[in-house]
Amino acid sequence: MVSYMKIKTGWKGIVLLLAVLLLLAGCGNSTNESKVVEGKVNVVTSFYPLYEFAKEIGGEDAHVINLLPAGVEPHDWTPRSQEILNTSKAQLFLYNGAGLEGWMDSFLNGLGSDSQVKTVEVSQGISLITSEEEEEHQHQHGAENEGHHDEDGHEHGETDHDHGHIDPHTWVSPKSAMIMAENIKNSYVEVDPAHREQYEARYEQLHARLQELDSKFTNELSKTSRKEIVVSHQSFGYLCRDYGLTQHSIMGLTPEAEPKAQDLINLSKLVKEQGIQYIFFEELVSDKLVNTLASEAGVKTLVLNPVEGLTKQQEQAGDNYFTLMEKNLQNLVLALQ
Ligand code: ZN
């Protein structure tokens, strides 16, 4: 009886806690953080890495708003009308492009013709990887089984189709991140030429850190004996291209593109043949398939983060693009030694 009472109070406590958390989350959406301000360049970014770079380069001259909340995977997010309205009042809207944001066309149309916001596709200037190119390096390949396997039958077939042919994960390589940082800097200078020097100076600092990260990746990955990685969703194409690795993915370019049983059997065979010791998983995507494959093949798992967003814990721990990429490098070196 006593323990029954304890359990009951426990549940009440949890329900109360949940209610408070929900209230807090509700308030979070209407804080000043997410509203445009006077006297600064207002920048809206579509997902985390752009937010971080825009904050670094914008410094005190900018107010940067990220559309995606922590813990959300950018492939399956859609904006609400409030966010479109808010963006239309900003000076700068930065998005990755290359097919990452499947919602982008309707979002840009929604901004309206009277909006002054300058919209910039930050991946411009990067030599993009098409899936034809990746095919040679790809084991599993969802986009190849062309056509009509949209089980979900939604209207954005065209966008998904394009998405299947271009790899959008440019930022996962420090080499393309440098181009992205430069594009962000140039957009700031264009909308706020009065602070050109400040933007240039902060950009130089960010660029130097990216360059240092790039040298670390080049040096350490050139020394590993293995070059093959098995990952959950196909998001390391640029990293592999720039640092001499080959990725084999369980899922396709988006985490929703699920594999067939035969693909898993083939991957398991590959893991055994190549003597691969670790399979990589990521925090924002279910690790079910990775665990299935790892236990089937008798190998261990490690995190490889495509830095598509921070989890709440990572946000609280002060993680950022650099800390996550450093961890990626450590894990790659461990797996490939
Ligand atoms: Zn992705």
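In this predicted model, the charged end of K185 sits over the ring of Y203, 5.0 Å from its centre.

Helix α7 spans residues 174-191 and helix α8 residues 196-222. Their axes come within 9 Å and cross at roughly 175 degrees. Angles over 145 degrees count as roughly antiparallel, and α7 and α8 are therefore roughly antiparallel to each other. By class, their contact has 12 nonpolar, 3 polar and 6 charged residues.

Now the aromatic pairs. The count comes to 10. The rings of F47 and W171 have centres 4.6 Å apart and planes at 70 degrees, so this pair is edge-to-face. The pair links distant parts of the chain, 124 residues apart. F47 lies in the loop between β1 and α2, W171 in the loop between α6 and α7. Both residues are buried.

F93 and F107 form a tilted pair, because their ring planes stand at 35 degrees, with centres 4.9 Å apart. F93 lies in strand β3 and F107 in helix α4, so the pair ties together parts 14 residues apart in sequence. F93 is buried at 0% relative accessible area, and F107 is buried at 1%.

In α3 (residues 81-88), E83, I84, N86, T87 and S88 are buried. The buried residues of α3 pack against β1, β2, β3 and α4.

Methods:
Residues numbered from 1 in each chain as written. Predicted model: local features only at pLDDT ≥ 70, side-chain atom pairs only at ≥ 80, totals over all residues. Heavy atoms only, no water. Axes fitted to C-alpha atoms, helices over the stretch in contact; angles between N-to-C directions. Helix = DSSP H or I, 4+ residues; strand = E, 2+ residues; numbered from the N terminus. Parallel < 35°, antiparallel > 145°, perpendicular 65-115°, else oblique. Nonpolar A, V, L, I, M, F, W, Y, C, P; charged D, E, K, R; others polar. Buried < 20%, exposed > 50% of the residue type's maximum accessible area, 1.4 Å probe, protein only. Contact = heavy atoms within 4.5 Å. Phe/Tyr/Trp six-rings, centres within 6.5 Å; stacked < 30°, edge-to-face > 60°. Lys NZ or Arg CZ within 6 Å of the ring centre and 35° of its normal.
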